[in-house]
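Hi everyone, thanks for coming.

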Amino acid sequence: MDLTIPIKAVGKERPRFHPQFKYAYTPKKTKEFEAAIAAHFSVYMRKHGYITEEGPVCVDMTVYNRVPASWSKKKKQQALSGKLRPVRTPDGDNILKAVLDGLNGVAYVDDKQVVQFHFNRLYNDKDLINIKISEL
């Protein structure tokens, strides 16, 4: 499975605790991002006839961040050529966690099946996330 989603990457936020009722909940921003990832992948899988993986999988993810408009032409060129890489928030591991959690029950039964992953982060003219999932 190989899908590119036109969405800005969001990192997995820490759970919040309700002070009055004393329970934990996932913040809205994270929940919406995970739902968007799941929805895109669900449509893609139905369209191409893929089924939910039940064995070990490899996830290959590339996150593309939009080049800031305030940068000079020279700096934009360096970013788009790969000489400059996005070193900013959200952290790569938090993005990975949010995407893997969003794919639970859609691309695979549970994210514990992910036994190998590759993560890459680059600049682009648009915010995108490319996700490739292969069975091992």
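Predicted model: local features only at pLDDT ≥ 70, side-chain atom pairs only at ≥ 80, totals over all residues.

Is Y23 buried, exposed or partly exposed? Partly exposed, because its relative accessibility is 41%, and the band for that label runs between 20% and 50%. If we skip the neighbours within four places in sequence, Y23 is in contact with R16, F17 and H18.

Okay, let's zoom out. The protein has three helices and six strands, and along the sequence they come as β-β-β-α-β-α-α-β-β. There are 136 residues, and 38% of them count as buried. The C-alpha trace spans about 45 × 45 × 25 Å along its principal axes. Here's one I like: take the contacts between residues at least 6 apart in sequence, and 80% of them join residues at least 24 apart.

Now the sheet. Four strands make an open sheet, in the order β1-β6-β4-β5, with mixed pairing. β1 and β5 (114-124) are at the edges with a single partner strand each, so one side of each has no neighbour in the sheet. On average, neighbouring strands here are turned by 15 degrees against each other, if you ignore direction.

A quick reminder for anyone new to this: strands of a sheet pair through backbone hydrogen bonds, in either a parallel or an antiparallel way. Now take β1, residues 2-5, and β6, residues 128-135: they pair antiparallel over four bridges. β4 and β6 run antiparallel too, joined by eight bridges.

Which residues of β1 are on its covered face, and which on its uncovered one? L3 and I5 are on the covered face, while D2 and T4 are on the uncovered one.

On to the rings. How many aromatic pairs does a search of the whole structure find? Three. One of them is Y44 with Y50, a stacked pair at 5.8 Å centre to centre, with 25 degrees between the planes. Y44 is buried, because its relative accessible area is 12% and the cut-off for buried is under 20%. Y50, at 36% relative accessibility, is partly exposed. Another pair is W71 and Y123: the ring centres are 5.2 Å apart and the planes sit at 70 degrees, so we call it edge-to-face. What I like about this pair is where its members come from. W71 is in the loop between β4 (57-66) and α2 (73-81), and Y123 is in strand β5, so the pair ties together parts that are 52 residues apart in sequence. Y123 counts as buried, with 8% relative accessibility.

F41, Y44 and Y50 make up one aromatic cluster.

Is Q113 buried or exposed? Buried, because its relative accessibility is 9%. Q113 is found in the loop between α3 (92-102) and β5. What does the side chain of Q113 reach? The backbone nitrogen of V109, at 2.9 Å. Leaving aside neighbours within four places in sequence, Q113 is in contact with E53, E54, G55, P56, V57 and Y108.

One last stop. In general, most peptide bonds are trans. So which two residues are joined by a cis peptide bond here? T89 and P90, with omega at about 0 degrees. P90 lies in the loop between α2 and α3, if you want to find it on the screen.

Conventions: Residues numbered from 1 in each chain as written. Heavy atoms only, no water. Buried < 20%, exposed > 50% of the residue type's maximum accessible area, 1.4 Å probe, protein only. Helix = DSSP H or I, 4+ residues; strand = E, 2+ residues; numbered from the N terminus. Pairing = 2+ DSSP bridges. Axes fitted to C-alpha atoms, helices over the stretch in contact; angles between N-to-C directions. Phe/Tyr/Trp six-rings, centres within 6.5 Å; stacked < 30°, edge-to-face > 60°. Contact = heavy atoms within 4.5 Å. Polar contact = N/O pair within 3.5 Å; in protein donor to acceptor, adjacent residues only side chain to side chain.
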